[in-house]
Amino acid sequence: MTSQPPAGVHLEPGDYTGSDPLVFTSSPARSPQVPSAPQARAPKTVEMTIDGAPVTVPDNVTILAACRSQGIDIPTLCTLSTLTPEGVCRMCVVDTGGRVLAPSCSARVGQGMTVWTDNDRVRHSRKLVLELLASSVDVDLAGPELPDGSIARYMAEYGADPSRFGPPSPPAPAGARDAAEAGHHEQPDGSVAERVAQPAKVDNDLFVRDYAKCILCYKCVEACGADAQNTFAISVAGRGFSARVSTEFDVGLAESACVFCGNCINVCPTGALMFRSEYELRRVGEWREDDQTVTRTICPYCGVGCTLELHVQDNRIVKVLSPLDAQVTSGNLCVKGRFGFDFVHVRPKGSDREA
Ligand code: SF4
Ligand code: SF4
Ligand code: FES
């Protein structure tokens with residue numbers, strides 16, 4: 001029988017040459033050296049100039065973030081803190097001295113960069129963007145995420161006059177815009193301003209798609225796709241002025257891949273995607289935001305514990321949103337948390353709180 005090394009003896013590799021498996025009767029000795037944490041990356045910064053003032057900012061932020069860190073107001077429509085910037089609306093452009101203006105929401109800062117956020121070139125461009133949007137889309141409910149304010153505030157600030165493109169064209173019949181082929185283009189005669197006006201799509205009990213209000217910001221497409229839901233029920237179909245958000249083959253939502261999470265509603269900046277309850281109340285002039293309360297609570301359906309914001313009017317829940325800064329879920333919910341609230345309105349017959 002091969003003898004085991006005595007207890008407490010420290011063995012180096014190769015010290016034991018016996019054939020029996022080693023049985024340790026005490027812990028092997030440990031190195032007295034405490035391992036050190038890996039070196040944190042030293043924060044890198046760049047020096048640049050914003051509106052003539054020298055600033056130092058982290059090297060990995062967007063121009064928009066750098067400007068906002070200096071308290072500079074830049075209007076945005078298509079960007080959102082929880083989504084990948086698409087850079088499609090062009091409201092946030094700034095002048096970096098290049099041939100074209102840069103979308104500050106997606107362009108990164110750089111060493112020695114000079115940025116003008118409010119010169120004539122920038123103001124002219126933003127004014128035109130506002131005019132083109134407001135002449136073709138119903139932007140009455142549109143508002144940028146940050147800073148506070150609605151698109152109307154920017155229309156006034158930039159002196160935008162959408163009426164200069166002429167009287168609005170009549171609304172398209174239901175389905176006409178969805179039937180447009182890629183590449184198809186009617187030559188406008190210039191007598192009216194082209195619009196995306198069309199009847200709202202009311203094809204289910206949960207939410208309405210009113211694409212007469214759609215500025216094609218892509219937020220819903222991103223939220224439905226790789227940025228959040230990974231369902232890919234909607235995408236942009238068509239080209240040019242015929243481009244529109246669509247389900248596959250323009251089928252109704254219930255026939256599409258949609259799982260009714262409503263994450264697209266949570267990010268839509270224009271009211272194009274709207275709870276059916278809000279839509280119906282607005283239709284009869286009974287949507288009263290000033291009379292509503294907003295209560296934060298936790299979804300009761302499962303252990304994830306998503307944060308809900310219950311919008312309540314006349315003692316009834318009229319819509320459920322979720323704050324973008326909610327940890328873990330970043331404002332996303334599933335169909336139960338978003339729409340499964342009707343049961344709270346069912347109260348025992350004869351109760352003084354009967355609905
Ligand atoms: S409800 Fe959800 S699944 Fe349906 S279109 Fe919107 S994001 Fe996509
Ligand atoms: S429906 Fe709303 S979120 Fe989607 S592209 Fe249009 S405006 Fe943007
Ligand atoms: S907010 Fe930057 S392009 Fe839309």
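The dialogue below goes through domains, ligand shells, strands, cores and single residues.

Mentor: This is a predicted model, in which local features need pLDDT of at least 70, side-chain atom pairs count only at pLDDT 80 or more, and totals for chains, interfaces and linings use all residues. Residues are numbered from 1 along each chain as its sequence is written, while chains are lettered from A and ligands numbered from 1 in the order in which they are written.

Trainee: Into which domains is the chain divided?

Mentor: Domain bounds come from an automatic or database domain assignment. Here domain 1 covers 50–165 and domain 2 covers 193–345. Their C-alpha centres lie 25 Å apart.

Trainee: How many residues does the contact take from domain 1 and from domain 2?

Mentor: Two residues are in contact if their C-beta atoms, placed from the backbone, lie within 7 Å. Domain 1 gives 22 residues to the contact and domain 2 gives 22 residues. For residue classes, Ala, Val, Leu, Ile, Met, Phe, Trp, Tyr, Cys and Pro count as nonpolar, Asp, Glu, Lys and Arg as charged, and the others, Gly among them, as polar. On the side of domain 1 that touches domain 2 there are 13 nonpolar, six polar and three charged residues.

Trainee: Which residues surround ligand 1?

Mentor: A residue is near a molecule if its C-beta atom, placed from the backbone, lies within 6 Å of it. Ligand 1 is surrounded by 13 residues, and the closest are Cys-224, Thr-231, Cys-258, Cys-261 and Cys-264. Helix H4 (219–224) and helix H5 (263–267) are the elements that give two or more residues to this shell. Helices (H or I, at least four residues) and strands (E, at least two) are DSSP runs, numbered from the N terminus. The shell around ligand 1 has nine nonpolar residues, four polar and no charged.

Trainee: What order do the strands take in the open sheet?

Mentor: Strands of a sheet pair through backbone hydrogen bonds, either parallel or antiparallel. Two strands count as paired if DSSP finds at least two bridges between them. In this model an open sheet of three strands has the order E2-E1-E5, with mixed pairing. Strand E2 (53–58) and strand E5 (114–115) are the edge strands, each pairing on one side only. Strand E1 (residues 45–50) and E5 run parallel and are joined by two bridges. Thr-49 stands opposite Thr-114 in E5.

Trainee: Which strands form hairpins?

Mentor: One hairpin is formed by E7 and E8, with six residues between them. Strand E7 (residues 234–237) and strand E8 (residues 244–247) run antiparallel, joined by four bridges, and Ala-237 stands opposite Arg-244 in E8. In the turn, Gly-238 has a positive phi of about 80°.

E11 and E12 also form a hairpin, with two residues between them, and Asp-314 in its turn has a positive phi of about 50°. E11 and strand E12 (residues 316–321) pair in the antiparallel sense over five bridges. Strand E10 (residues 293–298) pairs with strand E11 (residues 307–313) over six bridges, again in the antiparallel sense.

Trainee: Which residues touch the most other members of the largest nonpolar core?

Mentor: A nonpolar core is a set of buried Ala, Val, Leu, Ile, Met, Phe, Trp, Tyr and Cys residues joined through C-beta atoms within 7 Å. A residue is buried if 20 or more other C-beta atoms lie within 10 Å of its own, exposed if 12 or fewer, and partly exposed in between; C-beta atoms are placed from the backbone. The largest core has 60 residues, and Ile-63, Cys-214, Ile-215, Cys-220, Cys-264 and Leu-273 touch the most other members. Helix H2 (residues 120–136) gives the largest share, five residues. At least three residues come from each of domain 1 and domain 2.

Trainee: Is Cys-214 buried or exposed, and what about Gln-327?

Mentor: Cys-214 is buried, because 21 other C-beta atoms lie within 10 Å. Cys-214 is found in the loop between strand E6 (207–209) and H4. Gln-327 counts as exposed, because it has 8 C-beta neighbours inside 10 Å. The loop that holds Gln-327 lies between E12 and helix H7 (335–339).
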